[in-house]
Amino acid sequence: MSNGPNFKTYGKNRFTHFHLSTFALTFLSYSLFHASRKTFSNVKATISEVWMPSCDASNISCELLKPDNLWNEHTFFHDQSDSKIFLGILDATFLAAYSIGLFISGILGDRFDLRLVLFLGMTLSSICMFFFGVLTEWLSIYNKIWYLSFWILNGFAQSTGWPAVVAVMGNWFPKSGRGLIFGIWSANASVGNILGALMVASILKYGYHYAFLLSSAVFFAGAILVLFGLIPSPKDVGLADPDAEHKDEAAASDVEDNMEQPLIQQPKAIGFFQALFLPGVIMYSLCYACLKMVNYSFLFWLPFYLTNKFRWTESVADQISIWYDVGGILGGIIGGYISDVLKKRSVVIFTLLTLALPSLYIFSDSSDSKLMNAFLMSIVGFFIGGAANMISATITADLGKQGPIQGNKDGLATVTGIVDGTGSIGAALGQLFVPLIQDRFDWFYVFYFFIVLCVLTNVCIVPLFLRESKELYMEFKTRAGYRPVNGEADD
Amino acid sequence: MKFFISGCLVYFLLSTAYSTKFEEQIVAPITVENNVCRPEFCKTPTISQRVKEFCDEKGFSMEYRCCLDKKSNDSIMAIDYMGCYIQKLSNTVGALNKNKIRTTEILDIRNNTLEECGNLATFSGFVNLNELYITDLNGDICQCPGGTYSWTNITSGSCFGRKNICGSNFSAYIGCTLNSHCVENGPGNFLCECKPNFHGYKCLEEGKFPTLIFTLVLGISTIIISIFLWQTQRRYVK
């Protein structure tokens, strides 16, 4: 440690308590982002009940329940399928705003105080949630324009989250410590989903709007914690740039191209197109677009699917769907660790997604046993959620810190914005397709659609997969040939 | 921003207020007939033997077309609309003030010129109805509302012996939801009322959200953690 005050440090990477709190705060912050998104997907069945009278317009023989003020007063929709399509449109517009927002937020994040960007994003989003879910019910405002405008605004607000937290993490944690730390840290989205699902499940009985109230209030509390606690960069407290002290050992642990570039001492933000044309960025962006379509379809529609198919209550469906995220966390950590050991990411992603195909098929055909569904869901989550977690955090960080901009982390938010933004465009399209396919055909075909998307994801990274497999094979041959005496350490 | 949001709010409030008003005009209900005993649709004097008999037997008093229980707040115990030239049940019997007919045990609408029997809702509110005479001059045009689900003894044009529709298997095909239960509301009619502790639209809400405790816990813990974070983190920022 060259300059700066003497803070107590731990571990070989000289982590201070600032590292711990940065990890915790960014983790918490992004978990809350996801928890608030999960809120909407987990109240869909209830909200669509609230929008409709007791009889579906398509069911002619249905007798309206009485008294009218209790059962038939709300006529926002008369038809279950109309309300399902509107829910799909809400998801799609949210994701469209979110993905456009990501490109912008990434650029903003590299140029303004990350703490304030994050705080404002969280606050705005929590206000939108309140207007969208709480005020509508309290004042009985069931209005498409109202819903759409606040959900679009929420999409923009939410887009500040990922680029900002990844950039803060990138500022604090050096490349050498990235692999496993980012692997564990990227569980934040899944933890957020679980947190959101639990919050909703525990509170849904009071009314769906209380679910929105709870998550928007907790989200705002999280924003205040970020405002009072987050330190965007070690430089802010006079600590040295972590990558500066690691320049000697950095080369050994780098995953992508090992071209040593002269270190840029004075970081300045890179341009959007410069970031876009970094090697691998476009390829992984496309790959992530396909994968995120599947991942978000699960995130947004799984409880609805379970409620629909097995006639489970929404609370039960929400609780069971948590297992998808549990699988995703494990998949991300284990996949990330293996990729650290192999020093190859694409091979792991390719394998995960290939194994996802049969698991998707089996899940689509599962019986209505809760245990069996939970198990299959965690398997699907392991492969799909795990691969998605790896791409969105670890691989994005690799891409944002590689070759030409090594040591210049002020490109990281922009690259994160590009990869996640493209991914979210895919996810947005998916939210349009899922209700359409399900309405026209059946849930079964939705799963076929997912399988096709997983294959497409794999196709996008075939060139990287082939290159890395060849490298792995060569490495294996060399190792087998030389048999080093004191076994090469992996890191 | 603030102006935008409040502007939106005002706009939407106004638009919803107007839209409900508009809807009310379109689906205006049939004018409620408040005067059950001397209704617009029946000006002739009472003629039903059965109602008169019942009234004498129980010690109630006849007043125009009603048999009233003077001791119990003038509650209407029986109604005689016999020979009133009623053509449609939906805008006559169906339009009676539902609060005034709750106590009615006998309804006689024989010898009218019925063309239309109304729907199930026509007889809603006759919670205590035990005898219904419905034979028309032209023959048996109208059925007993609720049929065997609501009556134990159905003879040609007369319905006797009410049963609770909620106890029969009627609700098997029009069931209330899990959070609500069936409450009898006249022959052929039932309401789905929220079970105890359930409320809100479609009884989807259960219990009361502990707003105070929630606000206190969240607020206080946020303040404490914020102070802690400030002391350990942001204080060092130069």
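Are B:Cys42 and B:Cys84 buried or exposed? Both are buried (under 20% relative accessible area; exposed is over 50%, partly exposed in between; 1.4 Å probe, protein chains only). This is a predicted model, in which local features need pLDDT of at least 70, side-chain atom pairs count only at pLDDT 80 or more, and totals for chains, interfaces and linings use all residues. Residues are numbered from 1 along each chain as its sequence is written, chains are lettered from A and ligands numbered from 1 in the order in which they are written, and side-chain values use heavy atoms, with hydrogens and water left out.

**Interface of chain A and chain B**

- Chain A puts 55 residues in contact with 40 residues of chain B. Contact means heavy atoms within 4.5 Å.
- The two chains bury about 4000 Å² between them, and 72% of that lies on carbon and sulfur atoms. Buried area is the accessible area (1.4 Å probe) that two parts lose on being put together, summed over both.
- A:Trp71, A:Tyr206 and A:Phe228 supply 16% of the area that chain A buries against chain B, more than any other three residues.

- The rule finds one salt bridge between chain A and chain B. A salt bridge is a side-chain nitrogen of Lys or Arg within 4 Å of a carboxyl oxygen of Asp or Glu.
- A:Glu49 and B:Lys202 meet in a salt bridge through their side chains, at 3.4 Å from N to O.
- Polar contacts join 12 residue pairs between chain A and chain B, with both residues at pLDDT 80 or more. A polar contact is a pair of N or O atoms within 3.5 Å; within protein, one must be able to donate a hydrogen and the other to accept it, and residues adjacent in sequence count only if both atoms are side-chain atoms.

**The side of chain A that touches chain B**

- Helices that each supply at least two residues include H1 (17–42), H5 (114–138) and H10 (208–229) of chain A. Helices (H or I, at least four residues) and strands (E, at least two) are DSSP runs, numbered from the N terminus.
- H10(A) gives the most, with 12 residues.
- By class, this side has 34 nonpolar, 13 polar and eight charged residues. Ala, Val, Leu, Ile, Met, Phe, Trp, Tyr, Cys and Pro count as nonpolar, Asp, Glu, Lys and Arg as charged, and the others, Gly among them, as polar.

**Disulfides**

- The whole structure holds eight disulfides over all chains. A disulfide is a pair of cysteine sulfur atoms within 2.5 Å.
- B:Cys42 and B:Cys84 form a disulfide with sulfur atoms 1.9 Å apart. Its S-S torsion is -60 degrees, and the link is left-handed. B:Cys42 lies in the loop between H1 and H2 of chain B and B:Cys84 in the loop between E3 (75–80) and E4 (106–108), so the pair ties together parts 42 residues apart in sequence.
- B:Cys37 is joined to B:Cys66 by a disulfide, S to S 2.2 Å. The torsion about this S-S bond is about -105 degrees, so the disulfide is left-handed. B:Cys66 is buried at 0% relative accessibility, and B:Cys37 is buried at 15%.
- Another disulfide links B:Cys117 and B:Cys142, S to S 1.9 Å. B:Cys117 is partly exposed at 26% relative accessible area, whereas B:Cys142 is buried at 5%.

**Cysteines of chain A**

- A:Cys287 is in no disulfide, and the nearest cysteine sulfur, that of A:Cys460, is 5.9 Å away. A:Cys287 is buried, at 0% relative accessible area.
- The sulfur of A:Cys460 is 4.7 Å from its closest cysteine sulfur, in A:Cys290, which is too far for a bond. A:Cys460 is partly exposed at 22% relative accessibility.
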